[in-house]
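This report goes through some features of one protein chain. Please look at the sequence and the structure before reading on.

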Amino acid sequence: MGVSVPQNPNALIPVIDLSSPESKTRILSACEEFGFFKVINHGIPVHLINHLESQAEKFFALPISDKVKAGPPDPFGYGDKKIGSNGDFGLVEYLLLNTGDQSSHHTFNKLFGEAAGTFRTAVNEYVAAVKKMACEILEMLTEELKIQPRNALSKLLMDEKSDSVFRLNRYPATANGGAGCRNVIGFGEHTDPQIISVLRSNNVSGLQIALKDGSWISVPSDLNSFFINVGDSLQVMTNGRFKSVRHRVVTNSSESRMSMIYFGGPPLSEKIAPLPALMEGRDSLYKEFTWFEYKVSAYKTRLADNRLGLFEKVAAS
């Protein structure tokens, strides 16, 4: 598949300064136009980012015989190349963790023994910080959309039963970065099923997003910033006003790429439906479903499938 890459992708990708009074308006516009934006002046301490990245590098540097002790993913745990259970593969190894305090202890303990507490603390502190930022962004959106209460979306992430996950990905360097190894798929095209995703990577590029016209652009790497994805659930909650962004990762460098992603999801029992304040007499584009029902359905699909298609209402002919 050809990739359309403009000369200056930076000119297309919205950059939101969270310290700016215009940030709410710009976030709303970015969610409507791209379903994706870059965040600067986010206030997340650099030491939290560096500490987790250091711990992740130590993990991925372990012998494969050690790493597989935390696998195969079910869906949590360590995985290598195989993504999901429906035939998707990519040039990636990863560690997928539930953000609940207790759920990932066993995985950490199997891998790190006495050092498990250090890794677990690094993950928990980082996740707490990016979840706080994700909630602030969602509250900016509800304010701009004039939705009450202000925490109509963020409360789903803050709920103690929030079904959120955290993922560490490592994309190995392609051999010498030669032309024959360019554009090898590290993680195939897909949308994120949750409400919002917060991504940060090292200074190696590879992430690409699809525009409304179907063309793809490369996202320049920036280890000091975060990238925000609108997820499928938020698309439904805005009745299609926001679009979950289709994205993928290619491995086209002589350096390995490390990324860490927080996927903010609602409680399993939460009904995913358009927010009443946004309807104003309009019909919902989607059938009623819970996050659990959507999650079960998503696990049965391939990465590139239109997961929301099964839940869209068919217009009367």
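## Cysteines

There are zero disulfides in the structure, which is a predicted model. A disulfide is a covalent bond between the sulfur atoms of two cysteines.

## Salt bridges around Glu143

The structure has 17 salt bridges. One of them pairs the side chains of Glu143 and Lys24, with 2.8 Å from N to O. Glu143 is part of helix H5 (residues 116-144) and Lys24 is part of helix H1 (residues 23-33), so this pair ties together parts that are 119 residues apart in sequence. Both residues count as partly exposed: the relative accessibility is 31% for Glu143 and 28% for Lys24.

Glu143 also meets Arg150 in a salt bridge, where the N to O distance is 2.2 Å. Arg150 counts as partly exposed, at 38% relative accessibility. Through salt bridges that share partners, Lys24, Glu139, Glu143 and Arg150 are joined into one network.

## A salt bridge between Glu33 and Lys212

Glu33 and Lys212 form a salt bridge in which the closest N and O atoms are 3.6 Å apart. This pair links distant parts of the chain, 179 residues apart: Glu33 is in helix H1, while Lys212 is in the loop between strand S8 (207-210) and strand S9 (216-218).

How do the two partners compare in accessibility? Glu33 is partly exposed, with a relative accessible area of 41%. Lys212 is exposed, because its relative accessible area is 61% and the cut-off for exposed is over 50%.

## The largest pocket

What is the volume of the largest pocket? The volume is about 940 Å³. The lining of this pocket is made of 45 residues, and those nearest its centre are Ile83, Gly84, Leu96, Arg167 and Tyr299.

At least two lining residues come from each of strand S3 (77-83), strand S4 (88-98), strand S5 (165-171), strand S6 (184-190), strand S11 (247-251), strand S12 (257-264) and H8. S3 gives the largest share, with five residues.

Helix H8 (residues 291-299) contains Phe292. Together with Leu268 and Val296, Phe292 forms a nonpolar patch on the surface, and the accessible area of the three together is about 240 Å². Phe292 counts as partly exposed, because its relative accessibility is 47%.

## Backbone details in loops

Which two residues are joined by a cis peptide bond? They are Gln148 and Pro149, and omega is about -5°. Pro149 sits in the loop between H5 and helix H6 (154-158).

Lys146 is also in the loop between H5 and H6. Its phi is positive, about 60°, although Lys146 is not a glycine. With a relative accessibility of 69%, Lys146 counts as exposed.

Asn41 is another residue other than glycine with a positive phi, here near 50°. Asn41 is placed in the loop between strand S2 (36-40) and helix H2 (46-60).

Definitions and conventions. Residues are numbered from 1 along each chain as its sequence is written. This is a predicted model: local features need pLDDT of at least 70, side-chain atom pairs count only at pLDDT 80 or more; totals for chains, interfaces and linings use all residues. Side-chain values use heavy atoms; hydrogens and water are left out. Patches are made of residues with over 30% relative accessible area and no salt bridge: like charges are joined within 9 Å, nonpolar side chains (Val, Leu, Ile, Met, Phe, Trp, Tyr) within 5 Å. Accessible areas come from the Shrake-Rupley method with a 1.4 Å probe; for residues, only the protein chains shown count as cover. A salt bridge is a side-chain nitrogen of Lys or Arg within 4 Å of a carboxyl oxygen of Asp or Glu. Helices (H or I, at least four residues) and strands (E, at least two) are DSSP runs, numbered from the N terminus. Buried means under 20% relative accessible area, exposed over 50%, partly exposed in between (1.4 Å probe, protein chains only). A disulfide is a pair of cysteine sulfur atoms within 2.5 Å. On a 1 Å grid over the protein atoms alone, a cavity is a set of points where a 1.4 Å probe fits but cannot get out, and a pocket is an open set with protein on both sides within 12 Å along at least five of seven lines; lining residues have an atom within 4 Å of a point. Grid points are joined across faces, edges and corners, and a volume is the space filled by probe spheres set on the points.
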